Amino acid sequence: PPVAPLTRFIGRGLGTLQSAPNRLPDDLLRDIVFEYPVKTDQVVRYLIARSDKPLWDEHLKSISALAEMGRQSAWAKLWLLYAAEILDAVSVARPEELTRWLVRQLSDRHEIVRAQAAWVCSTMGLLSSECATYLYANASPITQPAIAAAVTRQAGITESIRRGIESDSP
């Protein structure tokens with residue numbers, strides 16, 4: 001049978017397997033995202049739904065592996081950023097590759113990805129004063145509030161920079 005009509009069952013299958021005792025292997029999850037990038041959200045939901053299982057670090061490694069793949073749309077990056085934030089909160093150790101990917105998203109060509117990356121990085125203590133200044137100065141009025149929120153959340157941002165952004169934001 002043709003493969004395309006079967007893709008509609010990927011979401012249902014991932015949803016059903018969320019509570020399965022055994023986790024799907026990373027190779028299969030990567031293959032799904034590579035072949036069907038529009039299914040990224042369903043793979044992310046699968047991993048987040050399993051975050052109550054004692055394999056948090058494995059789930060975060062999966063997100064790291066997915067983040068390192070090429071062909072990422074802004075939409076896919078937003079889902080991966082969301083998953084990294086959720087899974088990092090319950091994980092013991094963050095893979096170094098994921099940390100590097102997160103920081104790279106602060107200079108993504110898509111403004112919304114930069115704003116979300118700023119928020120996620122601030123939750124992990126990865127947002128520097130210099131980066132916060134650059135992001136805020138180059139943000140549109142649409143994403144400036146998100147950058148300002150990230151700055152207020154991140155400890156260690158220079159006080160003058162924090163006050164400047166807070167006084168400028170709505």
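Predicted model: local features only at pLDDT ≥ 70, side-chain atom pairs only at ≥ 80, totals over all residues.
**The whole protein**

This one is built from helices: the protein has ten of them and zero strands. Walk along the sequence and the pattern reads α-α-α-α-α-α-α-α-α-α. Along its principal axes, the C-alpha trace spans about 60 × 35 × 25 Å.

How much of the protein counts as buried? Of its 170 residues, 44% do.

**Two helices side by side**

A pair of packed helices is described by the angle between the axes and the distance between them. For helix α7 (residues 111-123) and helix α9 (residues 144-153), the angle is about 10 degrees and the axes sit 8 Å apart. Angles under 35 degrees count as roughly parallel, so α7 is roughly parallel to α9.

Which residues make the contact? From α7 come Arg-114, Ala-115, Ala-118, Trp-119, Ser-122 and Thr-123. On the α9 side, Ala-146, Ile-147, Ala-149, Ala-150 and Arg-153 take part. Sorted by class, the contact of α7 with α9 has seven nonpolar, two polar and two charged residues.

| Pair | Centre to centre | Angle between planes | Geometry |
|---|---|---|---|
| Trp-75 and Trp-79 | 6.5 Å | 70 degrees | edge-to-face |
| Trp-79 and Tyr-82 | 5.9 Å | 85 degrees | edge-to-face |

Why do these pairs count as edge-to-face? The cut-off is an angle of over 60 degrees between the planes; the Trp-75 and Trp-79 planes are at 70 degrees, so that pair qualifies. For Trp-79 and Tyr-82 the planes are at 85 degrees, and that pair is edge-to-face as well.

Helix α5 (residues 74-90) carries Trp-75 and Trp-79 four residues apart, so about one helical turn separates them. Trp-79 and Tyr-82 are three residues apart in α5, which also puts about one helical turn between them. Ring pairs link Trp-75, Trp-79 and Tyr-82 into a cluster.

Is Trp-79 buried or exposed? At 18% relative accessibility, Trp-79 counts as buried, because the cut-off for buried is under 20%. Trp-75, at 37%, counts as partly exposed, and Tyr-82 is partly exposed too, at 38%.

Notes. Residues numbered from 1 in each chain as written. Heavy atoms only, no water. Axes fitted to C-alpha atoms, helices over the stretch in contact; angles between N-to-C directions. Helix = DSSP H or I, 4+ residues; strand = E, 2+ residues; numbered from the N terminus. Parallel < 35°, antiparallel > 145°, perpendicular 65-115°, else oblique. Contact = heavy atoms within 4.5 Å. Nonpolar A, V, L, I, M, F, W, Y, C, P; charged D, E, K, R; others polar. Buried < 20%, exposed > 50% of the residue type's maximum accessible area, 1.4 Å probe, protein only. Phe/Tyr/Trp six-rings, centres within 6.5 Å; stacked < 30°, edge-to-face > 60°.
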